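Please examine the sequence and the structure before working through the solutions.

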Amino acid sequence: LRDMKSGRGLDTNTFNSSLSRVSSGHIDGGKDHSKQTISTYIDPTPNDVLLGRGGLTNWHPGNQRFRLMVEAEKNKYKKLGGQKKLKNNYSREIMARVNQYGGRFLKRDVTGDEWIEAEPTAIRRKCSQALRERPLRAGNLIKKTTALSKKKKANK
């Protein structure tokens with residue numbers, strides 16, 4: 001484990017001590033920091049979905065896989081109409097499918113230098129937004145799928 005501010009390694013005693021202080025809501029001489037949490041930095045894998053904007057997230061293999069999976073589900077999602085509760089549950093199903101194949105949803109930490117796991121609310125919003133986006137035309141979907149398979153072959 002690494003300390004998020006300094007980047008130094010933490011021994012388990014230091015981590016457990018920090019964790020107990022944060023979970024109790026008291027740190028720094030008794031000041032209440034109940035909303036403060038400790039996050040662990042993560043190295044993204046090809047199965048992970050990276051939250052954010054730009055080329056890195058667009059071309060990450062996990063994001064490409066996520067987009068293709070969501071693309072196949074958009075018509076079912078649209079047929080749910082204005083049933084918000086059902087749509088939220090459908091988004092949670094997408095989240096679970098990503099987790100089932102070993103993927104996680106990651107976001108940048110406050111410094112923008114490291115990846116941490118995103119909160120469930122942010123993940124559900126990401127899934128819902130992806131399901132609401134305009135469906136790709138067949139030609140664009142084929143181009144994206146071809147680009148993904150070429151990239152996989154090049155990495156072997």
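**Exercise 1: Burial and conventions**

Determine what share of the protein counts as buried.

Solution. Of the 156 residues of the protein, 29% count as buried, where buried means under 20% relative accessible area (1.4 Å probe, protein chains only). The model is predicted: local features need pLDDT of at least 70, side-chain atom pairs count only at pLDDT 80 or more, and totals for chains, interfaces and linings use all residues. Residues are numbered from 1 along each chain as its sequence is written, and side-chain values use heavy atoms, with hydrogens and water left out.

**Exercise 2: Aromatic pairs**

Find the aromatic pairs in the whole structure and classify each.

Solution. Step one: the search criterion is ring centres of Phe, Tyr or Trp (its six-membered ring) within 6.5 Å; planes under 30 degrees apart are stacked, over 60 edge-to-face, and the rest tilted. The search returns 2 pairs.

Step two: the ring centres of Phe-66 and Phe-105 are 5.8 Å apart and the planes stand at 90 degrees, so this pair is edge-to-face. Phe-66 belongs to helix α3 and Phe-105 to strand β4 (residues 105-108), 39 residues apart; helices (H or I, at least four residues) and strands (E, at least two) are DSSP runs, numbered from the N terminus. Both Phe-66 and Phe-105 are buried.

Step three: Tyr-77 and Tyr-90 form a tilted pair, with 6.2 Å between centres and 45 degrees between planes. Tyr-77 lies in helix α3 and Tyr-90 in helix α4 (residues 84-100), so the pair ties together parts 13 residues apart in sequence. Tyr-77 and Tyr-90 are buried.

Terms used
Buried < 20%, exposed > 50% of the residue type's maximum accessible area, 1.4 Å probe, protein only.
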